[in-house]
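Hi,

Here is the structure I promised to pass on.

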Amino acid sequence: MPERVTVTVNGARVDVACGSTVAVAMILAGQPCRASVNGESRGPLCAMGICFECCVAINGVPHRRSCQVFCENGMEVRTDG
Amino acid sequence: MSDDGYEVAIVGAGIVGAACADEFARRGLRVILIDREAVGSGATAAGMGHIVVMDDSDAQFALTHYSQRLWQSLRPELPEDVEYDQCGTIWVAADEEEMAEVRRKADYYSERNLVTDVLDEAQLKTLEPNLRPALAGGLLVPDDGVLYPPCAARVLAERAQQHGAKLQLGCAVERMEQGCVQMSDGHEIRAEFLVNAAGAVAPALTPGLEVKKRKGHLVITDRYPKFLRHQLVELGYLKNAHAVTADSVAFNVQPRRTGQILIGSSRQYGAEDKEVDHDILSRMLQRSQEYMPALGSMSAMRTWTGFRAATPDKLPLIGPWPGDKSLFLATGHEGLGITTSLGTARILVDQITGAQPEIPIEPYLPSRNAKEQVHA
Amino acid sequence: MAKFDRARFDVLVIGGGPAGLAAASRAGQHGATVGIVDDNPKLGGQIWRATCEQEHPQTARWSEQLRRANVTVFAGTRVLHQIEPGVLLAEQMQSAHELRYDKLVLATGARERFLPFPGWTLPNVFGAGGLQAMVKCGLPVIGKRVLVAGSGPLLLAVAAYLRNCGARILMICEQTSARALAQFGLSLWREPAKLAQAFRLKKDLAGIPFATRSWPVEAHGSEALESVAISRGGKGEAIACDYLACGFHLIPNTELAALLGCTIENGYVSVSDLQETSVPGVFCAGEPTGIGGVELALIEGQIAGLVAAGQIADARQLSRQRRKALCFARGLEQTFKLNPELQKLAKAETIVCRCEDVTYSRLRPYHSWTAAKLQTRCGMGACQGRVCGPATQFLFKWNPDSVRPPIFPARVESLALRATAATNS
């Protein structure tokens, strides 16, 4: 099992420890997860699938809770709609 | 104890009651608007909120068309949270039989000065690319729109208050008759005219009223901006909605200003409980996926139910209740209460103030259904 | 089209934390066919969450028992609805399931309570358990300056964990008073195990300032968190930090219990000594019956699992332990009761509903949750009011709505599957 995996966040490569969630990749990428209804930047809050603040598009599927998804090599994460 | 000095007491602060309160107040009458809960929290909150012209009958067309024009003139005064969006309706035709209905409908509307656009398969695809392929076409009605009903009801109630109307919320009504509204906390409100605008609950206050509950389910998705542009209704809706006895579902989706998609619709008689009925819900969603396959992977955030106030002839009851000179009705709007609230308010107040209504009111008079009671 | 599966169990357990693991393994040991369902990708719940490197040793121990008892595990699986009596609809990433049961054990755990204060929506403001979970899931915190704030024993555990991972814990702000804590501390003398735990924690936390009657007043930052203004025993102070870990004790997850019609009193699911809810055949164990921590959860879980599998005599043997643990739970609730001063943290422009960006001043005019919800959309977002519901209950004394399916946002196709399956068969 490789120790690191690489995903892209809005096209930029992010390298994380194997077993990391996408929410962690977002923090390491220095990117907020979503823009709120009024355009504020938001990131993970509860990290346990309750608050939906960490929702991102993963491999083209929008509104995925990034704290509940493990990073996989080649995964494409987008926050820009 | 009693509160006096009102000319009109309206029971039910849904969109119909709120619209009536606004109309009465602006014509100078002293009004009180009463509801057991909050403004617009019953069927108003549960409905889809379309401002749509329908032609099940000439009378239905007249009232919906009249009301739609009233909404359009009110529109500049509506605040942002009412989310009025003139997105237009497309009646979707699945096959040639339904295309024949499209053409009939187009002719009917144009004879009555309502602009429509007949769409062929390719034009439909261009306007709504997420519909499944191989549909026959459709009819675009560009003047139709959608809004967010609870805020619309609130705005109407606020306008009424600005013209002196009083709002009494959070207390149920036990009885309303002979110029007196009896509240469940024991106090009475007297008024020269009483208006029963209690929607599907109206018969509990006015026994003998032929209004039945017709249950509906709705689902709202997360935000998917630009996925859908118009309100879409399957023309099979006519076949389904006309079935008065059996439970039915039909494809009906709306784009909300928020980017969310509201998915309907279902109709059930004899279902009195508010619970979500999973069988009918899943049939309704299955139907929506048949027309728009991509809806399947979307995130559904909430489901809910509501009760339409249905009359036997599918026309609302607007006018005096035979047998009680003080009592007027404004109920029985079935699935069109949001649209027809403004027209209802106008012709009801016209009747009470003796003004000349702008459309013929006879088809909506309660006496059409209640003749038996009068002679009983 | 997504895959559709059906399965049937004598005992179905919802929740894979301590209570659920205990229930499933005890039921399984007695020959029942057992399934266990958890929303998270791995078992263990919040308290026994796995790290990137390894499963929590306790999860590993109980999982071994699940294997021996042939318990079917559904991880990453969200229960959405009870579509008919005895049948739950659940969803995974690519599929949906109809799960039939004879007996059901609800072990749905708890979540953190969040209270709105200016700036709490800034990125890098986490729940206390939230930041711990992020770190377990791979977020490095070596050298990061972390302020831990809020209320409850979780704060200490989180601070100790984060420090062990290399974070600089600047301070722990606990909203309750030193007096309440002292009384609670005294009560621990009756619980040698907990006392030892407390001493271990004390060692782990040596040198970290611990402030009572203290809380965050405002979080500052342009794009993300930069500093936090706190009220420390009534005096203001500013603390520059990288992360704020802030949660105000716990709220039980009772949505599924409510959906099933179980009686809920004062926010907790009512249960008998044998963990029976008011609905026949439905049991509840762990935090939803009262916030009591892991020991109580394990006892309750075992009782529920045994009773569900028909082993009532065995279950009764645990009742003394249960009573003892319950006393501790009541003490917890009393100790970490929220100070009414916290109601003043939210200012007019503070967002209360994060999903729909609804501010405090927009909610203020309404008299009920329903009216506020309809007019402002508060609670209408994806979290379905799980965050703003408890907050508005504290701020305005509003009672939550009845629970409607789906109890989590779900794919349209999952909700339609019953009809799709009927059409295809």
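In chain B of this predicted model, strand S4 (residues 89-93) is joined to strand S6 (residues 137-141) by five bridges, and the two run antiparallel. Helices (H or I, at least four residues) and strands (E, at least two) are DSSP runs, numbered from the N terminus, and two strands pair if DSSP finds at least two bridges between them. In S6(B), B:Gly137 stands opposite B:Ala93. S4(B) also has four bridges to strand S13 (residues 231-234) of chain B, this time parallel, with B:Gln231 of S13(B) opposite B:Thr89.

Five of the five residues of S4(B) are buried, so the strand is largely enclosed by the rest of the structure. Buried means under 20% relative accessible area, exposed over 50%, and partly exposed in between (1.4 Å probe, protein chains only). B:Thr89, B:Trp91 and B:Ala93 lie on one side of S4(B), B:Ile90 and B:Val92 on the other.

A word on conventions: residues are numbered from 1 along each chain as its sequence is written, and chains are lettered from A and ligands numbered from 1 in the order in which they are written. As the model is predicted, local features need pLDDT of at least 70 and side-chain atom pairs count only at pLDDT 80 or more, while totals for chains, interfaces and linings use all residues; side-chain values use heavy atoms, with hydrogens and water left out.

Still in chain B, strand S9 (residues 173-177) and strand S10 (residues 180-183) run antiparallel over four bridges, with B:Glu177 opposite B:Cys180. Their hairpin has two residues between the strands, and B:Gln178 takes a positive phi near 45 degrees there. S10(B) pairs with S11(B) as well, antiparallel over three bridges, and B:Gln182 has B:Glu188 as its bridge partner. That hairpin has four residues between the strands, and in it B:Gly186 has a positive phi near 100 degrees.

Next, the cores. A nonpolar core is a set of buried Ala, Val, Leu, Ile, Met, Phe, Trp, Tyr and Cys residues joined through side-chain atoms within 4.5 Å. The largest has 56 residues, of which B:Ile10, B:Phe24, B:Val31, B:Trp71 and B:Val195 touch the most other members. Among the elements giving two or more residues to this core are helix H1 (15-26), helix H3 (58-74) and strand S11 (188-196) of chain B; H1(B) gives the most, with eight. A second, separate core of 51 residues includes C:Ala211, C:Ile230, C:Leu338 and C:Val358.

Chain C has an open sheet of five strands in the order S8-S15-S9-S10-S11, with parallel pairing. Strand S8 (125-126) and strand S11 (210-211) of chain C are at the edges, each with a single partner strand, so one side of each is left without a neighbour in the sheet. S8(C) is joined to strand S15 (residues 243-248) of chain C by two bridges, and C:Val125 has C:Leu244 as its bridge partner.

Finally, chains A and C. Which area is buried between chain A and chain C? About 2900 Å², with carbon and sulfur atoms giving 61%; buried area is the accessible area (1.4 Å probe) that two parts lose on being put together, summed over both. The contact (heavy atoms within 4.5 Å) takes 30 residues from chain A and 39 from chain C. There are three salt bridges between these chains, each a side-chain nitrogen of Lys or Arg within 4 Å of a carboxyl oxygen of Asp or Glu. A:Arg42 forms a salt bridge with C:Asp357, the closest N and O atoms being 2.7 Å apart.

Best wishes
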